[in-house]
Amino acid sequence: MNLYKYVSDEINKKLGFEAKLDVPKNRDFGDFATNAAMVGAKIAGKNPRELANEYLPLLQQLDFVKEVSIAGPGFINIKIKDDFILKNTTAPKQMSAEKPLIIDMDYGAYNVAKSLHIGHLRTSIVGDTLNRLFRFLGHKTISYNHIGDWGRSMGLVIAWIRKLHPDWPFFQPDFDATKDYSEYTMSAEELDTYYPAAAKLGKEDPAFMEQAQIITAELQRGHAGYNALYNIYMPVSLDSMNKIIRKLNMLPFDNDLGERNAAKYEEPVEKILRDKNLIEKSDGAEVIVVKKDTDNAPMPPMMFRNSRGACPYDATDIMALYYRKITDNPNKIIYLTDARQKLHFEQLFRVSELADLFPAKDLEHIGYGTINGNDGKPFKTRDGNAAGLNDIINLVTEAVNKRVAESGKKLDQETIDTIALAALKFNDLMHDLSSDYIFDPNSVTSFEGKTGPYILYTAVRLNSVLKRANSDIVKPESFELSDEERNLLIEIMDFEHTILSAYDNRATDMIANYAYDLCQLVNNFYHNCPILRDDIAPEIKAGRLYIAKLAFDTLSTTIDLMGLKIPNEM
């Protein structure tokens with residue numbers, strides 16, 4: 001039950017107009033507060049506090065209201081009946097959207113032949129949680145890892161391999177595409193070294209960069225040798241990506257389709273753009289002008305084809321939109337990237353409208369902030385390099401190992417990895433997505449405070465109680481609730497309201513903060529309401545076990561939405 005919506009709707013229905021409902025931080029005076037008297041006073045031309053006195057008996061008639069009182073200039077506090085809370089609190093379950101949407105989700109965006117780095121952390125973790133959230137709410141999602149597999153980086157990688165192995169058949173004029181070249185495969189570790197080395201040389205040697213640009217254009221035009229080499233290292237890179245995805249406990253992507261797949265639709269997309277006279281010549285390149293007369297800020301044109309005839313990622317993003325239109329025909333497409341790509345997506349959405357692919361209202365870009373070290377600069381490893389994603393995972397795992405060793409506990413490696421994963425992911429999810437945040441492996445692995453390990457520890461503690469009870473758990477007919485019990489149940493009833501708000505605001509921090517608030521109430525309940533002690537009356541034990549089960553099921557669902565796993569022990 002969405003308690004917030006129910007209470008709000010019933011109050012508005014009773015009073016005949018729409019008022020705002022708030023959840024007070026201090027529930028000693030009420031579970032909810034409404035500004036109905038302030039709103040009504042403006043309509044009736046009365047004093048808010050006087051009008052609040054008139055509303056009290058009306059609100060007291062509602063079947064869920066235990067008591068009402070006036071606070072301040074006319075706010076009305078509302079306390080909910082215990083039996084109403086107990087009767088209507090249920091564990092979360094898969095929801096059915098009133099209007100189910102098909103939502104294409106573009107996150108991850110990993111690059112072929114490049115190891116994943118810290119910049120991929122937020123898109124992966126937040127993208128996966130949003131994907132889980134949308135599915136839980138009853139929408140159909142189609143997730144895309146829009147891989148970087150067709151631009152200049154591919155030209156640089158192939159140019160570097162050519163520099164290392166000029167005698168390989170892929171670079172010979174008599175290349176035979178019918179032969180088996182699987183012997184030329186390489187390890188992921190070796191492949192990961194190619195792009196950094198090539199990019200460095202490209203900055204120092206203009207001739208090498210020019211060669212890479214030529215190779216890029218020839219690869220895109222179908223050069224047999226380059227494409228055969230591409231098809232050898234591509235599976236190696238995809239396998240490396242999938243290992244990280246599994247390590248992060250992400251849902252598998254529905255599609256690993258990036259620039260190369262999009263480029264197959266160059267011809268129909270170009271026809272659409274030319275038929276609408278959207279492509280213009282500019283210094284040997286072809287561009288699409290998207291600037292409007294009403295623009296005050298700079299709005300450069302979008303590149304469709306560069307002066308060498310190659311299609312940059314601007315163009316393949318347009319082609320990807322076309323592909324998704326003719327295959328998925330989604331109601332909405334959501335892109336999750338670094339906030340610094342805001343301009344690119346504004347350009348893309350304008351092109352989409354101009355080309356009649358999708359209206360801008362159906363396209364959404366969610367930009368996230370950067371992850372920084374204690375110095376406030378982008379986080380780097382101890383050797384001063386940009387941190388790889390595996391480096392980050394290993395740093396957190398080391399910190400968990402150290403903390404567990406110091407506590408004297410003995411946990412297996414699978415449990416250690418599970419705790420480290422929760423520490424890493426929860427820390428990312430609890431921050432406002434658009435903001436930068438400081439990453440410190442030691443603080444995020446604490447078993448106390450707002451951390452992933454604290455969330456898991458609370459779930460393990462609840463589960464332990466339920467296992468030790470070893471009895472059937474039934475809903476009590478009536479049960480006098482303590483403050484700790486009723487506050488916990490009300491928080492459980494707020495689950496649906498929270499995740500709907502998280503959906504509306506694309507705010508994964510709402511889910512993480514809900515998990516933390518729920519855990520605090522669970523632990524308060526655990527400490528003040530003993531369950532299995534011998535002196536506890538059977539009916540009280542049964543009622544508290546029921547509450548503990550509701551709390552565990554709610555926390556488990558929230559943990560799953562964040563892509564975390566609950567270990568057997570901690």
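User: Where is the place of Asn 329?

Analyst: The model is a predicted one, and in it the phi of Asn 329 is near 45 degrees, a positive value in a residue other than glycine. Asn 329 is partly exposed, since its relative accessible area is 45%. As for its place, Asn 329 belongs to the loop between helix H12 (313-327) and strand S10 (332-338).

User: Does Asp 283 count as buried or exposed?

Analyst: Asp 283 is located in the loop that runs between strand S7 (279-282) and strand S8 (285-288). Its phi is near 50 degrees, which is a positive value in a residue other than glycine. The relative accessibility of Asp 283 is 78%, and the cut-off for this class is over 50%, so Asp 283 counts as exposed.

User: Which residues does Asn 2 touch, not counting residues up to four places away in sequence?

Analyst: Asn 2 sits in the segment before helix H1 (3-15), and it counts as buried because its relative accessibility is 9%. A polar atom of the Asn 2 side chain lies 3.1 Å from the backbone nitrogen of Lys 5. Once residues up to four places away in sequence are set aside, Asn 2 touches Met 493, Glu 496, His 497 and Leu 500.

User: Why do the buried residues of H7 line one face of the helix?

Analyst: Helix H7 (residues 188-204) has 17 residues and reaches 26 Å from its first C-alpha to its last, close to the 24 Å expected at 1.5 Å a residue. The buried residues in H7 are Ala 188, Leu 191, Tyr 194, Ala 198, Ala 199, Leu 201 and Gly 202. They line one face because, in a view down the axis of H7, they fall within an arc of 165 degrees.

User: Which exposed residues are carried by the face of H7 turned away from its buried side, and which helices are included in what covers the buried residues?

Analyst: On the face turned away from the buried side, H7 carries the exposed residues Glu 189, Lys 200, Lys 203 and Glu 204. The cover over the buried residues of H7 includes helix H6 (152-164), helix H8 (206-220) and helix H9 (224-247).

User: Over how many bridges do strand S3 and S4 pair?

Analyst: Five of the six residues of strand S4 (residues 75-80) are buried, so S4 is largely enclosed by the rest of the structure. Strand S2 (residues 32-34) pairs with S4 in the antiparallel sense over three bridges, and Ala 33 stands opposite Asn 77 in S4. Ser 69 also stands opposite Asn 77, while the hairpin of S3 and S4 has three residues between the strands and includes Gly 72 with a positive phi near 60 degrees. For strand S3 (residues 65-71) and S4, the pairing is antiparallel and the number of bridges is six.

User: With which residues is Tyr 233 in contact, leaving aside its neighbours within four places in sequence?

Analyst: The largest nonpolar core has 160 residues, and Tyr 233 is listed with Leu 133, Ile 161, Phe 170, Ile 455 and Leu 488 as touching the most other members. Leaving aside neighbours within four places in sequence, the contacts of Tyr 233 are Val 112, Met 154, Val 157, Ile 158, Ile 161, Met 186 and Leu 191.

User: How many residues are in the other core that lies apart from the largest one?

Analyst: Among the members of this other core are Ile 142, Tyr 265, Phe 304 and Tyr 323.

Definitions and conventions:
Residues are numbered from 1 along each chain as its sequence is written. This is a predicted model: local features need pLDDT of at least 70, side-chain atom pairs count only at pLDDT 80 or more; totals for chains, interfaces and linings use all residues. Side-chain values use heavy atoms; hydrogens and water are left out. Helices (H or I, at least four residues) and strands (E, at least two) are DSSP runs, numbered from the N terminus. Buried means under 20% relative accessible area, exposed over 50%, partly exposed in between (1.4 Å probe, protein chains only). A polar contact is a pair of N or O atoms within 3.5 Å; within protein, one must be able to donate a hydrogen and the other to accept it, and residues adjacent in sequence count only if both atoms are side-chain atoms. Contact means heavy atoms within 4.5 Å. The expected span of a helix is 1.5 Å times one less than its number of residues. The arc is that of the directions from the helix axis to the C-beta atoms. Two strands pair if DSSP finds at least two bridges between them. A nonpolar core is a set of buried Ala, Val, Leu, Ile, Met, Phe, Trp, Tyr and Cys residues joined through side-chain atoms within 4.5 Å.
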